[in-house]
Amino acid sequence: MKQSISFLLLLLLLAACSEPSVEEVVKQTVERNYQALLSGHYELFLSGRADTDSLPADYRSQLLDSYKQFMAQQQAAHGGISSVMATNVQMDSTQNVMQVFLMLNYADSLHEEIVVPMVMRNGEWKMK
């Protein structure tokens with residue numbers, strides 16, 4: 001009997017540990033979005049932003065062009081961004097957003113930390 005209870009407690013503990021935390025989900029979402037940007041998948045990066053479903057086509061095109069320009073500027077200034085890594089997440093309950101601290105690692109060995117606010121939209125975490 002004790003063995004069965006111990007086994008059930010172990011299964012419950014494993015199940016609880018296997019479920020990623022909200023913070024981990026938000027970190028992974030930001031990293032995935034920025035990896036799309038680094039890979040030149042600008043539409044995918046744009047789809048990771050909140051409230052972009054109803055953008056006018058010309059504004060959407062301007063945003064995509066600005067992402068391309070940003071990446072070209074980073075290439076010229078630093079040899080490009082070599083990787084991104086979410087380092088911390090903090091809940092801002094007054095604004096109802098998760099603040100994700102994202103480290104941009106440049107090819108010339110410089111690093112820059114930015115903060116990406118994330119909001120919940122239709123059950124998904126999106127960049128604000």
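Author: Glutamine 99 lies in strand β2 of what is a predicted model. The residue has a relative accessibility of 15%, and because buried means under 20%, glutamine 99 counts as buried. Apart from neighbours within four places in sequence, glutamine 99 is in contact with Asn88, Val89, Gln90 and Asp92, and also with Val115, Val116 and Pro117.

β2 and β3 are joined by eight bridges in the antiparallel sense. Phenylalanine 101 stands opposite valine 115, a residue of β3. Next to this, β3 and β4 pair over four bridges, again in the antiparallel sense. Methionine 120 has tryptophan 125 in β4 as its bridge partner. Two residues lie between β3 and β4, which form a hairpin, and asparagine 122 in the turn has a positive phi of about 50 degrees.

Helix α2 runs over residues 22-38, and at 1.5 Å a residue its 17 residues should span 24 Å; the end C-alpha atoms are 24 Å apart, which agrees. The buried residues of α2 are Val26, Thr29, Val30, Asn33, Tyr34, Ala36 and Leu37. Around the axis they cover an arc of only 150 degrees, which puts them on the same side of α2. An α-helix has 3.6 residues a turn, so residues three or four places apart point the same way. The cover over the buried residues of α2 includes the helices α3 (42-47) and α4 (57-78), as well as the strands β1 (81-92), β2 (97-106), β3 (111-121) and β4 (124-127).

Glutamate 24 is also placed in helix α2. With a relative accessible area of 33%, glutamate 24 is partly exposed. Along the chain, glutamate 24 and alanine 86 are 62 residues apart, yet their C-alpha atoms are separated by 9.4 Å. Just after α2 comes glycine 40, which takes a positive phi of about 85 degrees.

The other helix to describe is α4. At 1.5 Å a residue, the 22 residues of α4 should span 32 Å, and its end C-alpha atoms are 32 Å apart, which agrees. Leu63, Leu64, Tyr67, Met71 and Gln74 are the buried residues of α4. Seen down the axis of α4, these residues fall within an arc of 95 degrees, so they line one face of the helix. On the face turned away from that buried side, α4 carries the exposed residues Asp58, Gln69, Gln73, Ala76 and Ala77. Among the elements that cover the buried residues of α4 are α2, α3, β1 and β2, and β2 is the strand in which glutamine 99 lies.

Leaving out residues up to four places away in sequence, glutamine 74 touches Gly79, Gly80, Ile81 and Tyr106. Glycine 79 follows α4 and has a positive phi, near 80 degrees.

These parts can now be set in the whole chain. The protein chain has four helices and four strands, and along the sequence they follow the pattern α-α-α-α-β-β-β-β. Of the 128 residues in the protein chain, 30% are buried. Among contacts between residues at least 6 apart in sequence, 42% join residues at least 24 apart. The protein chain exposes about 8,400 Å², and carbon and sulfur atoms supply 55% of that area.

Note on methods
Residues are numbered from 1 along each chain as its sequence is written. This is a predicted model: local features need pLDDT of at least 70, side-chain atom pairs count only at pLDDT 80 or more; totals for chains, interfaces and linings use all residues. Side-chain values use heavy atoms; hydrogens and water are left out. The expected span of a helix is 1.5 Å times one less than its number of residues. Buried means under 20% relative accessible area, exposed over 50%, partly exposed in between (1.4 Å probe, protein chains only). The arc is that of the directions from the helix axis to the C-beta atoms. Contact means heavy atoms within 4.5 Å. Accessible areas come from the Shrake-Rupley method with a 1.4 Å probe; for residues, only the protein chains shown count as cover. Two strands pair if DSSP finds at least two bridges between them.
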